[in-house]
Amino acid sequence: MDFSSKLLENAVYEMSQLPGIGKRTALRLVLHLLKQPERQTENLSNALTKLRTMVQFCKKCHNISDTALCEICSNPKRDASLVCVVEDIRDVMAIENTGQYRGLYHVLGGKISPIEGMGPQDLTISSLINKVKEGEVQELILALSSTMEGDTTNFYIFKQLEGTGVKTSTIARGIAIGDELEYADEVTLGRSILNRIPFEGSFSNK
Ligand SMILES: [Zn+2]
């Protein structure tokens, strides 16, 4: 792509670094911003800068938060004995949208994936195990997607929990094998949480 302006070229380059944005789309977005009032671009860059400098991760559940303890963890009406283990904030949002769940979450920050170089030490698994060992948690719901990486992660966590006596269940019904959690519809996802099954029974017949 030949640019008449270095400034334009730089902006297009930075925009094209985002996932799913090719050079053409990046150019279209940048040209769109140029047509809008200057304030719109200012608002966008301010929002992104603020996000990067001020965002925190909840010290209890590791969810993205504006405060040291997120709104869900600091809500006394939530059941702290029940913890739903998810991959990232998109899953928290999807489950919250169902309106069916009153427990807390634990955000792993990904799944174990040797191909992507993600090992257990790259996730918040040890913090989860410590939380369980401290004794407040009575039941863990493993709500990772039913992909191979999700299964591997579930199983790893399950093995780490051996001997702690914590009840472990997994969402099962309605979530198809290979489905990413965030794409499940709210009714299906809500039902999958209510109808969770003991984790041990979920792999013994495979
Ligand atoms: Zn939290």
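Helix H5 is followed by Gly-135, whose phi is positive, near 100°; helices (H or I, at least four residues) and strands (E, at least two) are DSSP runs numbered from the N terminus. The model is a predicted one, in which local features need pLDDT of at least 70 and side-chain atom pairs count only at pLDDT 80 or more, whereas totals for chains, interfaces and linings use all residues. Residues are numbered from 1 along each chain as its sequence is written, and side-chain values use heavy atoms, with hydrogens and water left out.

H5 spans residues 125-134, and Ile-125, Leu-128, Ile-129, Lys-131 and Val-132 are buried within it. Buried denotes under 20% relative accessible area, exposed over 50%, and partly exposed the range in between (1.4 Å probe, protein chains only). Seen down the axis of H5, the buried residues fall within an arc of 155°, so they line one face of the helix; the arc is that of the directions from the helix axis to the C-beta atoms. Ser-126, Lys-133 and Glu-134, on the other side of H5, are exposed. The cover over the buried residues of H5 includes strands E3 (79-86), E4 (103-107) and E5 (139-142), together with helix H6 (148-160).

Strand E4 contains Gly-103, which is buried with a relative accessible area of 0%. Apart from neighbours within four places in sequence, Gly-103 is in contact (heavy atoms within 4.5 Å) with Ile-72, Arg-78, Asp-79 and Leu-82. The C-alpha atoms of Gly-103 and Val-83 are separated by 5.8 Å, with the two residues 20 apart along the chain.

The zinc ion has as protein donors the SG atoms of Cys-58, Cys-61, Cys-70 and Cys-73, lying 2.3 Å from it. Donors are N, O and S atoms within 2.8 Å of the metal (3.2 Å for Na, K and Ca); water is not among the atoms, so sites may look incomplete. The angles among the four donor atoms are 106 to 116°, and the site is tetrahedral, a term applied to four donors if all angles lie between 85 and 135 degrees. The donor residues follow the spacing C-x2-C-x8-C-x2-C in sequence. Both Cys-70 and Cys-73 are buried, Cys-70 at 4% relative accessibility.

An unreviewed UniProt entry lists residues 58-73 as "zinc finger region: C4-type"; such annotations may be inferred rather than shown by experiment. This span is 0% helix and 12% strand, and its end C-alpha atoms lie 8 Å apart. The structure holds zero disulfides (pairs of cysteine sulfur atoms within 2.5 Å).

Definitions and conventions:
Four donors count as tetrahedral if all angles lie between 85 and 135 degrees; four count as square planar and six as octahedral if opposite donors are over 155 degrees apart and all others between 65 and 115; anything else is irregular.
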